[in-house]
Amino acid sequence: MATTAITAQGTTISLGDAASPIVYTAIANITSWDGPNRQANDIDVTDLSSTSREYLQGLEDEGEVTLSGFYLASDTTHASLQDAVGGNAASTFKIALSDSASLTFSARVSQFGISGGVDAPVEMSMTLKISGGVTRATS
């Protein structure tokens with residue numbers, strides 16, 4: 001059977017501006033990402049007549065997106081993401097997969113780090129905390 005897997009190569013992760021309609025600028029030099037990591041909370045509704053734990057599904061949480069890549073101080077997108085740490089303002093992000101599907105969400109930058117070493121490029125890592133839902137589009 002032929003695989004239906006898609007490649008991550010060609011995926012772009014972009015930061016939206018405040019314009020209407022939103023204009024997206026690709027975040028340069030991204031090498032990997034993880035997320036969104038969707039989960040729903042459990043609400044414990046066990047009472048004294050229960051014979052086992054009982055639960056209802058609580059609110060869904062889209063979680064976080066972590067990004068890694070090569071840092072470039074002169075890149076305006078890298079600078080704006082680094083400056084956004086600690087602020088309460090959320091930005092719009094878009095992950096465009098190689099098969100034209102996309103994920104769009106609002107998130108704030110909760111972490112931005114830079115690292116390096118001998119015979120290594122200067123790298124960055126960041127965490128985006130999603131607020132609200134994720135819009136999924138297939139093309």
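Guide: A residue counts as buried when its relative accessible area is under 20%. Keep that cut-off in hand for this predicted model.

Visitor: Is Y71 buried or exposed?

Guide: Y71 has a relative accessible area of 19%, so Y71 is buried.

Visitor: How confident is the prediction along the protein chain?

Guide: The mean pLDDT is 93, and 100% of the residues reach 70 or more. Confidence is highest in strand β6 (residues 64–70), at 97. Helix α1 (residues 76–83) has the lowest, at a mean of 92.

Visitor: How do I read the sides of a helix?

Guide: An α-helix has 3.6 residues a turn, so residues three or four places apart point the same way.

Visitor: Which residues of α1 are buried?

Guide: They are T77, H78 and L81. These cover an arc of only 100° around the axis, which puts them on the same side of α1. On the other side, T76 and D83 are exposed.

Visitor: What do the buried residues of α1 pack against?

Guide: Strands, including β1 (12–16), β2 (24–26) and β6. Look at the start of α1 too: a side-chain oxygen of D75 comes within 2.9 Å of the backbone nitrogen of T77.

Visitor: How many aromatic pairs are there in the whole structure?

Guide: A search finds 2. Y71 and F112 are edge-to-face, with 70° between the planes and 6.1 Å centre to centre. Y71 sits in the loop between β6 and α1, and F112 in strand β8, 41 residues apart. F112 is buried, at 14%.

Visitor: Which pair is stacked?

Guide: F93 and F105, at 5.9 Å centre to centre and 20° between the planes. F93 lies in β7 and F105 in β8, so the pair ties together parts 12 residues apart in sequence. F93 is buried at 0% relative accessibility, and F105 is buried at 3%.

Conventions:
Residues are numbered from 1 along each chain as its sequence is written. This is a predicted model: local features need pLDDT of at least 70, side-chain atom pairs count only at pLDDT 80 or more; totals for chains, interfaces and linings use all residues. Side-chain values use heavy atoms; hydrogens and water are left out. pLDDT is the predictor's confidence in each residue, from 0 to 100. Helices (H or I, at least four residues) and strands (E, at least two) are DSSP runs, numbered from the N terminus. Buried means under 20% relative accessible area, exposed over 50%, partly exposed in between (1.4 Å probe, protein chains only). The arc is that of the directions from the helix axis to the C-beta atoms. Contact means heavy atoms within 4.5 Å. A polar contact is a pair of N or O atoms within 3.5 Å; within protein, one must be able to donate a hydrogen and the other to accept it, and residues adjacent in sequence count only if both atoms are side-chain atoms. Rings of Phe, Tyr and Trp (its six-membered ring) pair if their centres lie within 6.5 Å; planes under 30 degrees apart count as stacked, over 60 as edge-to-face and the rest as tilted.
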